[in-house]
Amino acid sequence: MAEHVILFTGPMGAGKTTAIQSLSEIEVVRTEANNSERHIVDKATTTVALDYGEILIGADEKVRLYGIPGQQRFNFMWAILKKRAEGMVLLVNSDAPDPIAEMLFFLDEFRELYDRGGVVVGVTRADVKAGPGIADFYDALERTNPDLVIPVFTVDPRDRDQMENVLLALVANIEMRAAFGMASVAGAL
Amino acid sequence: MTTGLHMKPAVVKAAETLLVDMRAATSSLSYAALLTDDGFDVARFPAKTDGARFAGMASSMQALGDAVTHELSIGASEYLIIASGKGHVVQLRVPGQELVLSALFDNDATVGHALAITRTFAQKMAGLLA
């Protein structure tokens, strides 16, 4: 059975755990603790080590889904988890104070995953508060990383179909690159 | 809105005092830290160290221990031990609190002694916060 390892990154509150729960076909391994920072992000719990889920694509392709803790004090986990990943779903919440800066920060932190397989960006909570539009995210990527081809989607991490589209775009990109030894093509999908 | 225990001066003061007392109780204690479940440093011994990174690591270990006991259906995790050639780390939750006590002992202490000391002081911390 072919396997892929995909890492879900992004800041606290972007929807990483929710996305993995939406996608996973097994009970998700969660490492939640009560959130001491509700004055910063108003959610009851937060991931402190990792999330883990699995999904089958087709009959014989397993995708292992790992989620990072979003806070920088857990960046030792980032180093551990990125070693085993082939690609990244980068989620940023549109209602954060500066979601574009968050996207660029995590892209920089996990840049090697672009080289290894590919990256897709999912903008969440776009319906909660009017934040930057998709064009603004593309503009920022073009300005800072003109050589990278990274698709940006608006997604609801609670919606399995939407998250599956994002995941399939990334997996297809990884497989095409593996097959043809080519640069990222996810943006063309 | 709830404030984290690491931001409550009375909790921090009690934690600092407890760790000093813990060291006084056993000279084999090399390092100890109290941290919140979500990885914030509350207090540490020796005090003049940067506990932020270790607090994050200890909270991740605690949560992974909980995930393993859940996966294997063996109830709640009671303590974690990491043994190495130069000492052992013993870690457990402060009963009834969103706090973890993690302690490094040198090899002069047996694992059993280290666990007993750590348990005793976790219970003392619980008593101070009750």
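Of the 50 residues in the largest nonpolar core, A:Val89, A:Leu90 and A:Val121 touch the most other members. A nonpolar core is here a set of buried Ala, Val, Leu, Ile, Met, Phe, Trp, Tyr and Cys residues joined through C-beta atoms within 7 Å. A residue counts as buried if 20 or more other C-beta atoms lie within 10 Å of its own, as exposed if 12 or fewer do, and as partly exposed in between, with C-beta atoms placed from the backbone. Helix 6 (residues 160-180) of chain A contributes the largest share of this core, 7 residues. Helices (H or I, at least four residues) and strands (E, at least two) are DSSP runs, numbered from the N terminus. A second, separate core of 35 residues includes B:Phe45, B:Phe54, B:Val94 and B:Leu99.

The structure is a predicted model, in which local features need pLDDT of at least 70 and side-chain atom pairs count only at pLDDT 80 or more, whereas totals for chains, interfaces and linings use all residues. Residues are numbered from 1 along each chain as its sequence is written, and chains are lettered from A and ligands numbered from 1 in the order in which they are written. The predictor assigns the complex an ipTM of 0.85 and a pTM of 0.90. For chain B the mean pLDDT (the predictor's confidence in each residue, from 0 to 100) is 94, and 98% of its residues reach 70 or more.

In chain A, residues 24 or more positions apart account for 69% of the contacts with a separation of 6 or more.

Chain A has 6 helices and 8 strands, and from the N terminus on its elements run β-α-β-β-β-β-α-β-α-α-β-α-β-α. Its radius of gyration, taken over C-alpha atoms, is 15 Å, close to the 16 Å that the globule rule gives for 189 residues, so chain A is as compact as a globular protein of that length. That rule is 2.2 Å times the number of residues to the power 0.38. Of the 189 residues of chain A, 48% count as buried.

Strand 4 (residues 51-57) and strand 5 (residues 61-67) of chain A pair in the antiparallel sense over 7 bridges; pairing requires that DSSP find at least two bridges between two strands. A:Tyr52 has A:Tyr66 in strand 5 of chain A as its bridge partner. The hairpin of these strands has 3 residues between them, and A:Gly58 takes a positive phi near 70° there.

In chain B, strand 3 pairs with strand 4 (residues 87-93) in the antiparallel sense over 5 bridges. A hairpin of 2 residues joins these strands, and B:Ser84 stands opposite B:Gly87 in strand 4 of chain B. Strand 3 of chain B is hardly covered, the count of buried residues among its 5 residues being 0. B:Ala76 lies in the loop between helix 2 (52-71) and strand 3 (80-84) of chain B. B:Ala76 is exposed, with 9 other C-beta atoms within 10 Å.

The contact between the chains takes 17 residues from chain A and 20 residues from chain B. On the side of chain A that touches chain B, strand 2 (32-34) and helix 2 (75-84) of chain A are the elements that give two or more residues. The residues of that side divide into 7 nonpolar, 6 polar and 4 charged, where Ala, Val, Leu, Ile, Met, Phe, Trp, Tyr, Cys and Pro count as nonpolar, Asp, Glu, Lys and Arg as charged, and the others, Gly among them, as polar.

Conventions. Contact = placed C-beta atoms within 7 Å.
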